Amino acid sequence: NAFHSNPTNTVFDAKRLIGRKTDDLELKHDIKHFPFNIQMKETTEEISAMILTKMKETAEEISAMILTKMKETAEAYLSEKVTHAV
């Protein structure tokens with residue numbers, strides 16, 4: 001489990017941050033419990049985490065990475081291209 005061996009660089013609950021406003025009280029409460037850093041901007045939240053390239057990724061970008069990896073895993077398992085998935 002990556003979280004236990006490297007908690008500050010393991011991002012989880014990224015989807016919970018999508019669309020949240022910086023003045024959201026629940027968001028501010030959640031941030032206190034995350035082991036990774038979140039840099040607040042006026043319009044969006046950017047998750048500051050080291051992900052392979054050590055770049056700062058937004059919650060939307062992390063979600064897209066997860067979906068891409070899931071698609072690659074499905075294609076490897078099925079041995080064919082996945083074009084229609086929900």
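Guide: One term to start: buried means under 20% relative accessible area, exposed over 50%, and partly exposed in between, with a 1.4 Å probe and protein chains only.

Visitor: OK. Is Ser79 buried or exposed?
Guide: Ser79 counts as exposed, because its relative accessibility is 65%. Ser79 sits in the segment after H3. Its phi is positive, near 60 degrees, and Ser79 is not a glycine.

Visitor: What kind of model am I looking at?
Guide: This is a predicted model: local features need pLDDT of at least 70, side-chain atom pairs count only at pLDDT 80 or more, and totals for chains, interfaces and linings use all residues. Residues are numbered from 1 along each chain as its sequence is written, and side-chain values use heavy atoms, with hydrogens and water left out.

Visitor: What is pLDDT?
Guide: The predictor's confidence in each residue, from 0 to 100. The chain averages 76, and 73% of the residues score at least 70.

Visitor: Which element has the lowest mean, and which the highest?
Guide: Strand S2 (residues 45-48) has the lowest mean pLDDT, 59. H3 has the highest, 88. Where pLDDT is low, the predicted coordinates should not be read in detail.

Visitor: How many helices and strands are there?
Guide: Three helices and three strands. From the N terminus, the order is α-α-β-β-β-α. Helices (H or I, at least four residues) and strands (E, at least two) are DSSP runs, numbered from the N terminus.

Visitor: Tell me about H3. How far apart are its end C-alpha atoms?
Guide: They are 29 Å apart. The expected span is 1.5 Å times one less than the number of residues.

Visitor: Which residues of H3 are buried?
Guide: Ala59, Ile62, Ser63 and Glu75. Ser63 counts as buried because its relative accessibility is 9%.

Visitor: What does Ser63 touch?
Guide: Leaving aside neighbours within four places in sequence, Ser63 is in contact with Lys15 and Ile18. Contact means heavy atoms within 4.5 Å.

Visitor: Now charges. How many salt bridges are there?
Guide: One. A salt bridge is a side-chain nitrogen of Lys or Arg within 4 Å of a carboxyl oxygen of Asp or Glu. Here the side chains of Lys71 and Glu75 meet, at 3.5 Å from N to O.

Visitor: Where do Lys71 and Glu75 lie?
Guide: Both lie in helix H3 (residues 59-78), four residues apart, about one turn of the helix. An α-helix has 3.6 residues a turn, so residues three or four places apart point the same way.

Visitor: Is Glu75 buried or exposed?
Guide: Glu75 is buried, with a relative accessible area of 19%. Lys71 is partly exposed, at 36%.

Visitor: Different spot. What does Asp30 touch?
Guide: Asp30 is in contact with Arg16 and Arg20, leaving aside neighbours within four places in sequence. Asp30 is in helix H2 (residues 25-31). At 12% relative accessibility, Asp30 counts as buried.

Visitor: And the chain as a whole? How many of its residues count as buried?
Guide: Of the 86 residues, 26%. Among contacts between residues at least 6 apart in sequence, 30% join residues at least 24 apart.
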